[in-house]
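Please look through the sequence and the model before reading on.

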Amino acid sequence: MIFSSAFVPETGYFAPKFQVMQTIKFRVNNRDDAFFQALQKEVSTWLDKQKNGRYANILMLGKGVLFLSFFWGAYALILFGGFSSIVTILLYASMGVSGLLIAFNISHDACHDALTSSKLFNKVVYYLTFNPLGTDAYLWKLRHVHSHHPFPNVDHCDIDIDNNFLIRLSPNRPLLRHHRWQHVYGPFLYALYTLHWVFIKDWAYLFRKDLANLRDIKHPPGEVFGMIAAKAFYFFYLIVLPVGMGLHWATVLIGFLALHVVMSYFFLLTNIMNHHAQEADFPMRDEKGYLPGSWAQHQIATCVDFHPKSRVWNFFFGGFNSHAAHHLFPTVCHVHYVMLSEFIIDKAAAYGVAHKQMSWWAALLSHFRHLYDLGHIPLRSQTDQKSQEQYENHQVSGEQP
Ligand SMILES: [Zn+2]
């Protein structure tokens with residue numbers, strides 16, 4: 001096997017220490033899932049023939065340099081360009097776009113050790129490219145790799161759907177009175193998404209012992225110190241230094257806000273529907289703690305792809321549009337996802353697995369319909385047979401126990 005699953009435990013001094021809730025298992029073992037076994041074989045054979053195997057290729061290097069140049073080039077123009085306030089604010093806003101292209105295309109792959117075989121190199125690239133965007137790299141990886149990836153869309157396991165008072169993203173979370181208007185106020189709240197990460201979420205996560213499926217978390221002191229240092233650097237280079245270089249403080253603050261609003265919308269309107277659309281499933285554990293189907297079936301049932309075989313979308317969105325490929329093979333660099341999506345779609349059709357794909361626009365509309373639905377649908381119970389049957393009807397008919 002030339003790739004591994006998403007949740008290989010990290011080791012070493014800087015690895016986070018935590019316990020994973022052990023009661024959650026999948027009803028079907030991956031080894032007994034004919035769909036996933038056949039898919040893995042095909043993907044392995046194809047990756048073996050690639051020059052760098054599952055890792056990045058020369059295209060990645062080129063676009064990495066390109067997107068980093070856009071980001072730091074705009075910053076240099078802010079500092080030394082002597083432009084008007086309007087142009088300066090637009091340059092800040094452009095950093096919201098290029099910053100997210102860096103996160104999509106470089107940081108996310110590095111976070112999954114998918115760039116090269118060197119874990120140290122991946123880590124250095126991840127920290128150096130992600131921390132300057134304002135969100136703490138260490139905490140984001142903890143959440144993304146150890147909580148979201150193993151159990152997407154599972155209540156109390158996927159941190160992405162837990163603990164959100166204002167927006168209800170899962171039918172398995174309680175319905176509150178104000179949720180009936182979430183399809184109206186949600187799009188406005190989305191503008192604050194990355195600001196919330198920078199100012200609130202990172203700090204709240206730092207002090208929490210339990211996080212979704214993770215228990216008794218102990219952060220390494222080096223990472224805590226690193227986060228404080230990274231935050232200080234972030235505010236210094238984006239706010240303090242430009243003001244110190246003579247830019248008006250109001251221009252800098254408006255520019256900073258513009259960066260975050262642009263980055264937030266760019267991120268959410270191209271990513272949130274990957275798991276939060278009408279077509280995505282929200283599987284429930286049974287009374288013994290089992291999720292239906294296999295891990296692989298779970299990943300494909302909870303992901304919604306848009307234009308998964310498009311090389312243009314892949315180039316700009318780092319394979320987030322081929323989300324099933326990413327969740328099934330998270331340690332494979334996204335440059336291979338176009339081909340992997342071909343394999344997934346073929347095998348899914350052959351084995352009767354429902355692979356969900358649509359256009360970006362259709363996925364976006366589906367997300368807002370999903371928001372509306374969840375503002376009105378009551379809490380699903382553990383014994384909601386209709387939902388369970390609906391889920392299992394999406395799966396491989398011959399593979400269920
Ligand atoms: Zn990921």
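## Helix H4

Which residues are buried in H4? The model is predicted, and in it the buried residues of H4 are Asn122, Tyr126, Thr129 and Phe130. Viewed along the axis of H4, these buried residues fall within an arc of 85°, so they line one face of the helix. Leu120 and Val124, on the other side of H4, are exposed.

Helix H4 covers residues 119–130, which makes 12 residues. From its first C-alpha to its last it reaches 16 Å, close to the 16 Å expected at 1.5 Å a residue. The cover over the buried residues of H4 includes H3 and helix H5 (137–148).

## Nonpolar cores

The largest nonpolar core contains 73 residues, and Cys333 and Leu340 have the most contacts inside it. Helix H3 (residues 85–111) gives the most to this core, namely 12 residues. Apart from this core lies another, of seven residues, including Phe151, Val154, Ile159 and Leu291.

Beyond its neighbours within four places in sequence, Cys333 is in contact with Arg54, Tyr55, Ala56, Met60, Asp109, Ala114 and Leu115.

## Annotated transmembrane regions

An unreviewed UniProt entry lists residues 58–80, 86–104, 124–140, 184–204, 224–243 and 249–268 under "transmembrane region".

Two of these spans can be described in the model. Residues 184–204 are 86% helix and 0% strand, with their end C-alpha atoms 27 Å apart. Residues 249–268 are 100% helix and 0% strand, and their end C-alpha atoms lie 29 Å apart.

Conventions
Residues numbered from 1 in each chain as written. Predicted model: local features only at pLDDT ≥ 70, side-chain atom pairs only at ≥ 80, totals over all residues. UniProt positions renumbered as here; feature names shortened; annotations may be inferred. Helix = DSSP H or I, 4+ residues; strand = E, 2+ residues; numbered from the N terminus. Core = buried A, V, L, I, M, F, W, Y, C linked by C-beta atoms within 7 Å. Buried ≥ 20, exposed ≤ 12 C-beta atoms within 10 Å, placed from the backbone. Contact = placed C-beta atoms within 7 Å. Expected span 1.5 Å × (residues − 1). Arc of directions from axis to C-beta.
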